[in-house]
Amino acid sequence: MKHGLITVAAAVPAVKVADVEYNVVEIEKLISIAEGQGVEILCFPELAITGYSCQDLFKEQLLLSKAEEGLMMLMDFTRKLNVICIIGMPIQAGGLLLNCAAIIQSGSLLGLVPKTYLPNYNEFYEKRWFASAQDHNSTDLYLAGSHINISATPKLFQTAGGVKFGVEICEDVWAPVPPSNNLTMAGADIIFNCSASNELIGKHNYLRSLVAQQSARTISGYVYASCGFGESTQDVVYGGNAMIFENGHLLVEGERFSFQPQLKVTQIDIDRLRTERHTNSTFINAQREARAEVIECKGVELPEFQLLRSVNPHPFIPCDDDMASTCEEILNIQTAGLAKRLIHTNCQHVVIGISGGLDSTLALLVCVRTFDKLALNRKGIVGVTMPGFGTTDRTHDNANSLMQSLGISQMEISITKAVSQHFEDIGHDMNHHDVTYENSQARERTQILMDLANKLNAMVVGTGDLSELALGWATYNGDHMSMYGVNSGIPKTLIQYLIRYVAQLPQFKSQQETLLDIVDTPISPELTPADAEGNIAQKTEDLVGPYELHDFFLYYFLRFGFRPSKIFFLASQAFKDEYDHDTIKHWLTTFCRRFFNQQFKRSCLPDGPKVGSVSLSPRGDWRMPSDASSALWLKECESL
């Protein structure tokens, strides 16, 4: 394991029913391929050594003895290999026949896990041949040259890298209380399922949902390998399901009904799973009574690490298939939040500063949706443009065009005279474009909005977004403050998609051109004068860095608590065609420094709705001392 990622695989080998020698050779082929790909744990189907569909042949001593010989052959084959293999086979123990998973590594038999729940219905009559683990007393065996104990005691296997995994077999996961419940509560990071599930109309979707839910419910990785082509089709067909999930999310899936062997390889993020568990109090409480025996695996030297799973460079952005529904849900959350606040305060007017930029545009659209839903007159929305020293014609025109077409009340109050007087009062040189020059404009605008709200018995709707809060890119007690911040849970990269979504809606057709131009406008606070051609000179991303990088950093820092080295590694993979390592390192260092230094602004945020899994509300998801040291994080950034 490296960077908290462990490489696992689900294998579906070619099989011939009851032909152990053939099956062992086919299993060995996939083990070799897996070893070459750096797989650390490999799962085969149920009864893979003999084939699952042997039926009454399981009563034959020749088949059972050959299965043991097959296990010995596989142990010998793996003697110089590192990969841990989980292989299904029948085992005779204590006068019973058990359906087991054998766990082998580097020529050693680490353990045996017997199946707990045996189907005995329709075409499955496993109880005709096998006994349940619940019916078996603990037995010491001499099997395949090894002394081994087999019992119903829950067992965990721990790799040299500290990853714990458990095994259950097919029907076990269909039970009301699967063995994996206890195994994960006892500390298993990953569950492996050796399975043999036949195909019926609609069954695959149910199975997929079942395994996904079990992975999500137990906050675990789940590797599912089921037998396929080559099993008997006397009465049923086996499709060869190979699926790997991580906390309910499908990472990789094989091709069903393939006539060829399959090996599906991916990496499970153990750091991610453990962070989820640490922050889930329900999971923590459920662990109290869980117990399992822990068996240590051998330490091995792994090959050079290569990332096998893809890394989404824009983790806040929904996939294309979900884009419309997700955008609509986000807007509904924002709308519902603002509506409740308006009803609670018996307020029928809002004041909002409109700059012609992304944030104020989204906030205005939310206000319009809210007023429409509450059957309030849009004239109760007072949009205020406040041109200053850096305002450009493009943003000013877009702001006015949008407000006019939406039918809200419009006001324009220039801040140049008031801020000039303020500079004179405090003795500041107007030609010195420092932080005082910029923040004085932001605070003047906020003062205007607050005072207008008092005058109109209205509420100031804030426009600042999640990305700005993370970086502290807001003027303290300026645009940092409002009476309700509808965008506080939405990162900058997502806002562009939300506005594009609204622009495509039929009811906003007349605003489409303006909305799309706003999306295409460079992000800027417009607090310093425009260039000679009247274009925006102060571009935010030139100053604090690309928002797509900062949103990526924010997601993994806040959602999973990843350290800078892991975030850097993931970002280097996600943005390998866009930014070099030095650029990513530079902006990651900037992110860590600003995130710590600007916590004091987040400690006194106005109310606003949580939208996604990441929030910076000091009353909810993120509670951090304003004077916490960033030294550890910056030191690790320096070492990258």
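Mentor: Before we start, a helix axis here is a line fitted to C-alpha atoms over the stretch in contact, and angles run from 0 to 180 degrees between N-to-C directions. Also, this is a predicted model.

Trainee: Fine. At what angle do H1 and H2 pack, and how far apart are their axes?

Mentor: Helix H1, residues 20-36, packs against helix H2, residues 61-77, at about 25 degrees, and the axes are 10 Å apart.

Trainee: Roughly parallel or roughly antiparallel, then?

Mentor: Angles under 35 degrees count as roughly parallel, so H1 and H2 are roughly parallel to each other.

Trainee: Is the crossing left-handed or right-handed?

Mentor: H1 passes H2 in a right-handed crossing.

Trainee: Which residues meet there?

Mentor: From H1, Val20, Glu21, Val24, Ile27, Glu28, Ile31 and Ser32. Their partners in H2 are Leu63, Lys66, Ala67, Gly70, Met73, Leu74 and Phe77. By class, this contact has nine nonpolar, two polar and three charged residues.

Trainee: Other topic. Where does Asn312 lie?

Mentor: Asn312 is in the loop between strand S17 (293-296) and helix H7 (323-344).

Trainee: What does Asn312 touch?

Mentor: Leaving out residues up to four places away in sequence, Asn312 touches Ile317, Phe552 and Ala574.

Note on methods:
Residues are numbered from 1 along each chain as its sequence is written. This is a predicted model: local features need pLDDT of at least 70, side-chain atom pairs count only at pLDDT 80 or more; totals for chains, interfaces and linings use all residues. Side-chain values use heavy atoms; hydrogens and water are left out. Helices (H or I, at least four residues) and strands (E, at least two) are DSSP runs, numbered from the N terminus. Angles under 35 degrees count as roughly parallel, over 145 as roughly antiparallel, 65 to 115 as roughly perpendicular and the rest as oblique. A crossing is left-handed if the near helix is turned anticlockwise from the far one by less than a right angle, and right-handed if clockwise. Contact means heavy atoms within 4.5 Å. Ala, Val, Leu, Ile, Met, Phe, Trp, Tyr, Cys and Pro count as nonpolar, Asp, Glu, Lys and Arg as charged, and the others, Gly among them, as polar.
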